[in-house]
Amino acid sequence: MKRLMMAGLCALGISTGAASAQQCGGDFGQFVQRLRDEALSRGHSPDAVSSFFAQANYYQRALDADRRQGIFTVPFTEFARRLISQNRLDNGRANGQRYASVFDEIERRFGVSRGILLSFWAFETDFGAFQGDYNTLDSLVTLAHDCRRPHIFRPQIFAALELYEHGDFDPVNTMGAWAGEIGMVQMLPEDILENGIDGDGDGHVYLQTSAADALMSGANVLRSLGWRAGEPWIVEITVPGDLDWYQTGIHTSRSVAEWEADGVRARNGGALPLRNAQASVVLPQGRNGPAFLAYPNFNVLFEWNESFTYVLTAAYFGTRLEGAPVMDARNPDAGLDGNAMRDLQRRLQARGHDVGGIDGILGAGTRMAVREEQRRLGLPADAWPTWQLLNAL
């Protein structure tokens, strides 16, 4: 599992501060020697430290991957259609049956539904088929040496060393994602130490080869982040044409009963679950597009990936794997292309809004600004940027 606080900080390029800057950069060999010295001061055995760091090499490939990362900018419905293939649906259902006893145990112990774990297992590694081809130790040491975010990657090195001493990490052969995530559900070394579960009873936590270990460990992370047992994450809904659109979006939570009083209904015609729970109406492409009711468990998923479109797609796929029908995409208003979105962001910024950068990406800041300007201009304030709004500005 990817801990999205880490991935989100990577995407934002947050400054590390002077104290961290003193622990990065300079001659790479001397940097590795400082890591060795710190490991010894932490109480790791000299033999383990020597053999572990002997394998560390500078890894330009990981730096290149870090520099070119970006967020998928296509609309939600298109993104979902690309990621949710029939093959992934078939494999998801087959793996749900194959590991039914594991999922039963997960639901009993951790309260995490199988659909959401199957969804992320599919999107992260295609059910373990491709777990990344970057050497994990080299990636972590190189990214810690790079002075952009050493405070993120440096602790992962010592966590990997501890895993090595447990026999659960191979400095030469452990491969994963460019940022150090390992295994079928892509977990960082610290997460493995804190939340790793030996699901198959062999005395080790092998996230690369044991589906039981990977799935139980992922479920344990979700529980640690606040997952609520037995509660949904999203439910597809229908919305009335006169809904107060300004109240929609993940920034606003109301009781399910209040949403029902305003005409929100489950798409399947049944009762919405947990009428006393707090929930948000999510309209990824505005009032004329698909609509979902998002419960507190949905917000937990942003610790896995901070991209709204990715998280919503994974959440929706999880419901499909548990039997929900194909969503009603409806007929959303045409969105903006990248150039038009940047133009919109410049206009919003000129009006004093914090859009988080002129990058052509519909992030949280841009959505908030869009909603405010829509309301000011007397347009439906559903936070979906349209050509009508751009022209009005």
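F127 is buried, with a relative accessible area of 12%, where buried means under 20% relative accessible area, exposed over 50% and partly exposed in between (1.4 Å probe, protein chains only). The model is predicted: local features need pLDDT of at least 70, side-chain atom pairs count only at pLDDT 80 or more, and totals for chains, interfaces and linings use all residues. Residues are numbered from 1 along each chain as its sequence is written, and side-chain values use heavy atoms, with hydrogens and water left out.

**Residues with positive phi**

- F127 lies in the loop between α9 (114–125) and β1 (134–135); helices (H or I, at least four residues) and strands (E, at least two) are DSSP runs, numbered from the N terminus.
- The phi of F127 is near 60 degrees, a positive value in a residue other than glycine.
- Most residues other than glycine have a negative phi.
- A383 also has a positive phi, near 70 degrees, and is not a glycine.
- The loop between α18 (364–376) and α19 (387–392) holds A383, which is buried at a relative accessible area of 8%.

**Contact of α9 with α16**

- The axes of α9 and helix α16 (residues 308–321) come within 8 Å and cross at roughly 125 degrees.
- Axes are lines fitted to C-alpha atoms, for helices over the stretch in contact, and angles run from 0 to 180 degrees between N-to-C directions.
- α9 and α16 are therefore oblique to each other; angles under 35 degrees count as roughly parallel, over 145 as roughly antiparallel, 65 to 115 as roughly perpendicular and the rest as oblique.
- From α9, the contact involves G115, I116, L118, S119, F120, A122, F123 and E124, and from α16 it involves Y310, T313, A314, A315, F317, G318 and L321; contact means heavy atoms within 4.5 Å.
- The residues of this contact divide into ten nonpolar, four polar and one charged.
- Ala, Val, Leu, Ile, Met, Phe, Trp, Tyr, Cys and Pro count as nonpolar, Asp, Glu, Lys and Arg as charged, and the others, Gly among them, as polar.

**Contact of α3 with α11**

- α3 and α11 pack at an angle of about 55 degrees, with their axes 11 Å apart, and are therefore oblique to each other.
- The crossing of α3 and α11 is right-handed.
- F31, L35, E38 and A39 in α3 meet R154, I157, F158 and L161 in α11.
- Six nonpolar, no polar and two charged residues make up the contact of α3 with α11.

**The disulfide**

- One disulfide is found in a search of the whole structure, a disulfide being a pair of cysteine sulfur atoms within 2.5 Å.
- This disulfide joins C24 to C147, with an S to S distance of 2.1 Å.
- C24 lies in the loop between α2 (18–21) and α3 (28–41) and C147 in the loop between α10 (136–145) and α11 (150–166), so the pair ties together parts that are 123 residues apart in sequence.
- The link of C24 and C147 is right-handed, with 110 degrees about the S-S bond.
- C24 is buried, with a relative accessible area of 8%, whereas C147 counts as partly exposed at 39% relative accessibility.

**E260 in α14**

- E260 lies in helix α14 (residues 256–261) and counts as buried at 15% relative accessibility.
- Not counting residues up to four places away in sequence, E260 touches R265, L272 and R275.

Terms used. A crossing is left-handed if the near helix is turned anticlockwise from the far one by less than a right angle, and right-handed if clockwise.
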